Amino acid sequence: MTTLPPLPMSRPKLTALAREKLPCSPRTTPRSELIKEKDDIDRYLEVKIKGLSKEEVAAYRNTYKKNICVDMLRDGYHKSFTELFTLMEKWEALREAARVRSVFWLQKPLEEQPDKLDHFYYYLTRAEVAERKKYFEDVYDNLYALACYFNNSEDKWVRNHFYKRCFEIAELIKIDGGKKEAEAHGHMGLLFEEEGKLLEAAEHYEAFHQLTQGRKWRDETGRSLNLLSCESLLRTYRLLSDKMLENKDYTQAIRILIKASEIAKEANDKKMEGEASYYLGLAHLAAGEHDTALEDLSTYSEISTELEDDLSLGRAYEAIARVLQSQGEMVEAITYLKKFVKLARNNFQKLDVVKASTMLGDIYNEK
Amino acid sequence: MNKIYQLAVPKGRRICCEVCEAPAERVCAACTVTYYCDVAHQQADWNSIHEKICQLLIPLRTTMPFYNSEEERQHGLQQLQQRQKHLIEFCYTVAQKYIFEGRYKDAVPAALHSLRFRMNVYGLSSVELVPAYLLLAEASIGLDQIVQAEEYLSQAQWAVLKSTDCSYATHSLLHRNLGLLFMVKENYEEARYHLANDIYFASCAYGTEDIRTSGGYFHLANIFFDLMKFDLADTLYTKVCEIWDKYLNNHYQVLSEARVQQIDLLGKRFETDTGLDEAQEAEAIRILTSILNIRESTCSGAPQKIVFVLRILVMLYYLMMNSSKAQEYATRVSNIAQEKQLSAQEQNLIEQLLHIINTEVILP
C-alpha cells in the first residue's frame with residue numbers, strides 16, 4: 001500500500017466536534033495547563049462549563065458515520081452522500097458475509113475507522129465540486145487518490161469501485177490527448193486481470209497500449225506508460241495463451257503470441273522481445289512445429305547473448321535441447337544440454353543443473 | 001346545543017372545552033358527552049371531526065356498565081381499548097387528508113383528538129404520540145402559528161429522544177418537519193442541518209433512491225435556491241426528478257408486464273394506478289409542479305430539463321388516470337420539442353410517451 005501524507009483537512013463543524021471525542025484523537029489540554037491567569041480562567045469556563053450547543057450534542061450522540069453523512073448533505077453534496085452510503089451498505093454486507101464464513105476474522109466496521117471516512121469525505125466532496133464545474137481532470141485526480149488510498153488487500157473492492165468510476169470519468173476528458181483515459185484503461189485491465197477475466201483485461205490493455213503508442217507520458221514514479229502497457233499486455237497474452245495451450249488450442253495460442261512478439265518488437269525492449277519469442281517457441285514446440293520453434297528459440301538465445309543474461313540463455317539452451325530431442329537429433333541436443341549445465345554451474349543455479357543432468361541422463365539411457 | 005352551568009356541576013368534576021380545555025359552557029346535544037366553551041369552538045369541532053365521531057364517543061366517555069364477572073370486565077376493557085385505537089387511526093387519517101387539501105384549520109381538532117386518544121392508550125411519553133404531534137405542527141405551520149408549531153415539535157423531539165427503539169422513518173419525519181419549521185423561521189443553517197438528518201434517516205429506512213427520500217432533497221434544494229446557490233439547487237432538483245422518473249417508469253413497466261401476462265386469462269383491462277397513497281400523490285404533484293415552475297423561470301437555456309420534468313408529470317397524471325391533465329402536459333412537451341429542435345433521442349422518448357397516452361385515451 002502506498003502511504004499517503006496526512007490530509008490537509010479543514011473539517012466541517014460537526015465532524016471536527018465528533019473527531020474530538022474519538023479515543024484516538026489527542027486529549028484536550030489538561031486543567032492545570034489551562035488555568036494560569038484570569039483570562040485563562042474565563043476561557044476555561046467557556047470551554048468547560050458553558051454547556052453544550054445543539055451541534056455539540058448531536059456530535060456526541062451520533063456515530064461518526066452519521067456525522068460525516070449529515071455534513072455532506074447539509075452542504076448539498078448529495079452525490080457524494082449517495083456514493084458513500086452505497087459503499088457503506090456494501091461494506092456492511094461484506095462484513096456480514098465474512099462473519100458468517102469464519103468466526104475469527106472480523107473486519108472492523110467503518111464507524112470505527114474515522115480516517116477512512118475522513119478520506120471519503122475529503123476526496124468525494126472535492127470530486128463533486130469539480131464535477132459541478134465540469135473540471136473532469138480534478139474529478140479524476142480525486143477519485144484516483146481514493147483508489148490509491150484503498151489499495152490494500154482488505155479493501156480491494158473499494159479500490160476497484162473507484163477504478164471503475166475513474167474509467168467512466170476519464171472517457172469524458174478530452175483535453176489531455178487521452179492520457180487519463182489510457183491510465184484508466186490500464187487500471188481496468190489490472191482489475192480484470194486480478195479477477196481472472198483475461199479477455200476483458202486484454203481488451204483494456206490493448207486500448208491502453210494503443211493510446212500510449214508514440215507518446216512520452218510517464219506515470220508518477222517516472223516509468224514510461226507505453227512500456228508499462230506493453231509489459232501488462234504481454235503478461236496477459238501469455239496467461240491467455242497458457243490457458244489455450246492447456247485446452248490444446250494451438251493455432252489460437254500461437255496467433256496471440258505472434259501478436260505479443262510484434263508488440264514487444266515495437267516497444268524496443270530487447271528483454272521483452274526475447275521473452276516473447278521464448279514463449280512463442282514453446283508454443284510452437286507444443287504444437288509440434290519444430291522448425292519454427294527452433295527459429296524462435298535461436299532468436300531468444302541471440303538476444304540473451306547480446307544482453308549477457310546467462311539465466312535466459314540457459315533457458316534458451318534447455319528449450320532448444322528439448323526441441324531437438326523431440327526431433328530425434330540427440331547429438332545436437334546433448335551439446336546444447338552440456339552448454340546449459342556449464343552455464344548453470346557458473347551461475348550456481350543448482351536446480352537448473354539438476355534439471356539439465358536429468359535430461360542428459362534420460363537421453364543416454366535411451367541410447 | 002344545550003347550555004350547561006358550571007356551578008350546577010357536581011363538586012370535584014371539571015368540565016372542559018373539547019378544543020381549548022377552558023371551562024365549558026355548552027354541551028353537544030347529540031352525544032351529551034362533549035363540552036365546549038363557546039359556539040365558535042363547537043362549530044369548528046363539528047366541521048372538522050365531531051360530526052363523524054359524535055356517536056362513537058359515547059361509550060368512551062360514559063362510565064362502564066356493571067359487569068358480573070371478571071371475564072366480562074376484561075372483555076369490556078379490551079373493547080374499549082380497541083375502540084380507542086380505531087378512533088386514533090380514524091382521526092389521524094382525517095386530519096392528514098385535511099392537511100393535504102390545505103384546510104389546516106379543520107385539521108387541528110381532528111389531530112388533537114388523535115393525540116388525546118393516543119395519550120390515553122399509550123401513556124404520555126410514548127413514541128406513538130409523535131405522528132400526532134407532527135400533524136399538529138404541520139397544521140400550525142400552515143396556519144402561521146410558529147410558536148405553537150415549535151412547541152409541538154419540541155414535544156415530538158423529546159418523545160423521540162427518550163425512546164430507545166424509534167424507527168428510522170419516524171426520525172426522518174421529525175427532522176423533515178423541524179427543517180420545514182426552521183425554513184419558515186428563515187433559519188437556514190438549522191433547517192439544512194435537520195433536512196440533512198432527514199435524508200440520512202430516510203436513506204437508512206428506505207434507501208437513497210426512494211421516493212420517500214426525495215422530499216428531503218426537494219426541501220434542501222429549495223433552501224439552496226433561496227440562498228442563491230443555483231448550481232447546487234439545480235443538481236438537487238435533478239436528483240429529485242430522477243428519483244421520480246425512475247419510480248414511475250419502473251411502476252409502469254411492472255404494470256404493463258402484469259397486463260401482458262394476464263390479459264389472456266381474464267380478458268379484461270387493468271386499472272392503472274400509481275401505487276402511491278393519497279398523501280404521496282399529493283406530494284408528488286406538489287413537488288414536480290414547483291420544480292417545473294422553477295425550471296421554466298431559470299432554465300430557458302436548457303430545454304431538456306424542462307422537457308424532462310414535463311415528461312415525468314405526463315407519466316404521473318397518466319398513471320393517476322387523469323387523462324385531461326396528461327394530455328395538457330403532453331401537448332406542452334411536444335410544443336417545446338418542436339420549437340427547440342431537440343436531439344433525436346429526446347424526440348424518440350417523447351413520441352413513445354405520446355403513444356402510450358393516446359392508446360389509453362382511445363381504449364375506454
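A: Helices (H or I, at least four residues) and strands (E, at least two) are DSSP runs, numbered from the N terminus. By that count, chain B has 14 helices and three strands. This is a predicted model, in which local features need pLDDT of at least 70 and side-chain atom pairs count only at pLDDT 80 or more, while totals for chains, interfaces and linings use all residues. Residues are numbered from 1 along each chain as its sequence is written, chains are lettered from A and ligands numbered from 1 in the order in which they are written, and side-chain values use heavy atoms, leaving out hydrogens and water.

Q: What box do the C-alpha atoms of chain B fill?
A: Taken along the principal axes, the box is roughly 85 × 55 × 40 Å.

Q: How many residues of chain B count as buried?
A: Of its 364 residues, 47% do. Buried means under 20% relative accessible area, exposed over 50%, and partly exposed in between (1.4 Å probe, protein chains only).

Q: Which residues have the most contacts inside the largest nonpolar core?
A: They are Phe81(A), Phe120(A), Phe162(A) and Trp244(B), in a core of 170 residues. Helix α12 (residues 303-319) of chain B gives the largest share of this core, 13 residues. Apart from it lies another core, of 24 residues, including Ile320(A) and Met330(A). A nonpolar core is a set of buried Ala, Val, Leu, Ile, Met, Phe, Trp, Tyr and Cys residues joined through side-chain atoms within 4.5 Å.

Q: What does Phe120(A) touch?
A: Not counting residues up to four places away in sequence, Phe120(A) touches several residues, among them Met72(A), Leu84(A), Phe150(A) and Phe162(A). Contact here means heavy atoms within 4.5 Å.

Q: Changing topic, where is Gln113(A)?
A: Gln113(A) sits in the loop between α6 (78-101) and α7 (114-132) of chain A.

Q: Is Gln113(A) buried or exposed?
A: Gln113(A) is buried, because its relative accessible area is 12%. Beyond four places in sequence, Gln113(A) touches Trp91(A) and Lys108(A).

Q: And where is Asp269(A)?
A: Asp269(A) is in the loop between α13 (250-267) and α14 (270-287) of chain A. With a relative accessible area of 23%, Asp269(A) is partly exposed.

Q: How many residues separate Asp269(A) and Glu231(A) in sequence?
A: They are 38 residues apart in sequence, and 9.9 Å apart in space, C-alpha to C-alpha. Leaving aside neighbours within four places, Asp269(A) is in contact with Leu227(A) and Ala264(A).
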